[in-house]
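Reader: I'm new to this one, and I'd like to know what the labels rest on. Could you show it to me first?

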Amino acid sequence: MAPLENLLPLELIDKCVGSQIWVIMDTGKEFIGKLLGFDDYVNMVLEDVTEVDPIEGNGQLPKILLNGNKICMMVPGGDGKTVMDGEEDESENEDAAMVG
């Protein structure tokens, strides 16, 4: 097995097959589901998918094919709910600044 620093992008995605992945599209939509497979263009098939759309709301899909050209970011094991440390504090400070 290759050390993590020598891991190529497609090798990392290959290790995620069968696991949950959080995919963020360039349109702003997000998909969280189990990765069934992908190809050399990073087109992906997910199952048991939750679609997160900031405009239309969330939805459930049994299976979906995502176009690799539209994928902006992938988070292996991500659930779409994890917030980076400090991000919540910054948004609270911005809200307070707007009110005051």
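Author: What follows is a set of questions about the labels, each answered from its definition.

Author: A note on the ground rules: this is a predicted model, local features need pLDDT of at least 70, side-chain atom pairs count only at pLDDT 80 or more, and totals for chains, interfaces and linings use all residues. Residues are numbered from 1 along each chain as its sequence is written, and side-chain values use heavy atoms, with hydrogens and water left out.

Reader: How do you know how many helices and strands there are?

Author: Helices (H or I, at least four residues) and strands (E, at least two) are DSSP runs, numbered from the N terminus. By that rule the protein has two helices and five strands, in the order α-β-β-β-β-β-α from the N terminus on.

Reader: What makes the five strands a sheet?

Author: Pairing does. Two strands pair if DSSP finds at least two bridges between them. Strand β1 (residues 20-25) is joined to β2 (residues 30-38) by five bridges, running antiparallel, and five bridges also join β1 to β5 (residues 71-76), again antiparallel. The five strands form an open sheet in the order β4-β3-β2-β1-β5. β4 and β5 each have a single partner strand, so one side of each is left without a neighbour in the sheet, and that is why they count as edges.

Reader: Which residues face each other across those pairs?

Author: Gln20 has Lys34 in β2 as its bridge partner. On the β5 side, Trp22 stands opposite Val75 and Val23 opposite Met74. β1 and β2 form a hairpin with four residues between them, and Gly28 in the turn has a positive phi of about 100°.

Reader: Why is β1 called largely enclosed?

Author: Buried means under 20% relative accessible area, exposed over 50%, and partly exposed in between (1.4 Å probe, protein chains only). Five of the six residues of β1 are buried, so the strand is largely enclosed by the rest of the structure. Across the 100 residues of the protein, 25% count as buried.

Reader: Is Val42 buried or exposed?

Author: Buried: its relative accessible area is 19%, so Val42 falls under the cut-off. Val42 is found in the loop between β2 and β3, and its phi is near 65°, a positive value in a residue other than glycine.

Reader: What makes Asp48 and Glu56 exposed?

Author: Asp48 has 55% relative accessibility, so it counts as exposed. Asp48 is found in strand β3 and has a positive phi of about 50° although it is not a glycine. Glu56, with 65%, is exposed too. Glu56 has its place in the loop between β3 (44-52) and β4 (59-66). Glu56 and Lys29 are 27 residues apart in sequence and 9.6 Å apart in space, C-alpha to C-alpha.

Reader: How much of the contact count comes from residues 24 or more positions apart?

Author: Contact means heavy atoms within 4.5 Å. Of the contacts with a separation of 6 or more, 41% are between residues 24 or more positions apart.

Reader: How confident is the predictor, and where is the pLDDT below 50?

Author: pLDDT is the predictor's confidence in each residue, from 0 to 100. The mean for the protein is 84, and 77% of its residues reach 70 or more. Over residues 89-100 the pLDDT is below 50, and beyond near neighbours in sequence this stretch has zero contacts in the model.
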